[in-house]
Amino acid sequence: MIKLHNVYLGLGSNLGQREENILQAYEHIERLIGHIACQSAFFYSEPWGFQSAHGFVNTAIRVETALSPFEVLKQTQHIEKLLGKTAAHATIRTSYEECQYQDRPIDIDILLFDDLTIDEPALKIPHPLMQEREFVMIPLREVLPITYADREPSQ
């Protein structure tokens with residue numbers, strides 16, 4: 001039996017038909033990565049880390065996948081290209097803390113992968129900046145399973 005992993009992805013779009021871009025990304029994710037087991041509502045936000053007249057639509061999903069973290073990364077980057085993300089839309093990184101962000105038709109970030117921690121130049125899990133970003137954390141909380149610590153005390 002194939003072991004399935006839970007990968008949490010954050011998606012955002014601020015160019016073109018933003019909601020449609022995300023819906024198309026969902027279709028590609030289902031086909032190339034795995035079953036979308038849970039998805040958040042759309043969250044509308046202003047650009048973070050750069051100035052733009054274009055607001056973002058953000059969402060988070062939980063995907064059940066047989067792929068490894070690096071295979072998921074490869075597929076998310078492929079999906080971004082399929083949906084029109086080019087080098088002109090890419091984040092320019094001098095470090096993980098120093099970035100120049102751009103408008104983009106789609107952005108897909110790996111937020112969590114099971115309980116793994118990865119600290120490689122090409123991939124960092126958990127996503128190192130997610131807790132600083134309300135547009136990531138609000139949708140992510142919608143798709144994270146409720147843990148014992150999150151439950152209200154029984155009466």
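**View 1. Pairing of strands β2 and β4 in the predicted model.** Strand β2 (residues 34–39) runs antiparallel to β4, and 5 bridges join the two. The model shown here is predicted. Within this pair, I36 has V63 of β4 as its bridge partner.

**View 2. Pairing of strands β1 and β4.** Strand β1 (residues 5–13) is joined to β4 by 9 bridges, and the two strands run antiparallel. N6 stands opposite E64 in β4.

**View 3. Pairing of strands β3 and β4.** Strand β3 (residues 43–45) pairs with β4 over 3 bridges, in the antiparallel sense. The residue of β4 that is the bridge partner of Y44 is V57.

**View 4. Burial of strand β4.** Strand β4 covers residues 56–65. Of its 10 residues, 9 are buried, so β4 is largely enclosed by the rest of the structure.

**View 5. Packing of helices α1 and α2.** Two packed helices are described by the angle between their axes and the distance between the axes. Helix α1 (residues 18–32) packs with helix α2 (residues 69–82) at an angle of about 140°, and their axes are 10 Å apart. That angle makes α1 oblique to α2. The crossing of α1 past α2 is right-handed.

**View 6. Residues in the contact of α1 with α2.** From α1, the residues A25, H28, I29, R31 and L32 meet Q75, H78, I79 and L82 of α2. By class, the residues of this contact divide into 5 nonpolar, 3 polar and 1 charged.

Definitions and conventions. Residues are numbered from 1 along each chain as its sequence is written. This is a predicted model: local features need pLDDT of at least 70, side-chain atom pairs count only at pLDDT 80 or more; totals for chains, interfaces and linings use all residues. Side-chain values use heavy atoms; hydrogens and water are left out. Axes are lines fitted to C-alpha atoms, for helices over the stretch in contact, and angles run from 0 to 180 degrees between N-to-C directions. Helices (H or I, at least four residues) and strands (E, at least two) are DSSP runs, numbered from the N terminus. Angles under 35 degrees count as roughly parallel, over 145 as roughly antiparallel, 65 to 115 as roughly perpendicular and the rest as oblique. A crossing is left-handed if the near helix is turned anticlockwise from the far one by less than a right angle, and right-handed if clockwise. Contact means heavy atoms within 4.5 Å. Ala, Val, Leu, Ile, Met, Phe, Trp, Tyr, Cys and Pro count as nonpolar, Asp, Glu, Lys and Arg as charged, and the others, Gly among them, as polar. Buried means under 20% relative accessible area, exposed over 50%, partly exposed in between (1.4 Å probe, protein chains only). Two strands pair if DSSP finds at least two bridges between them.
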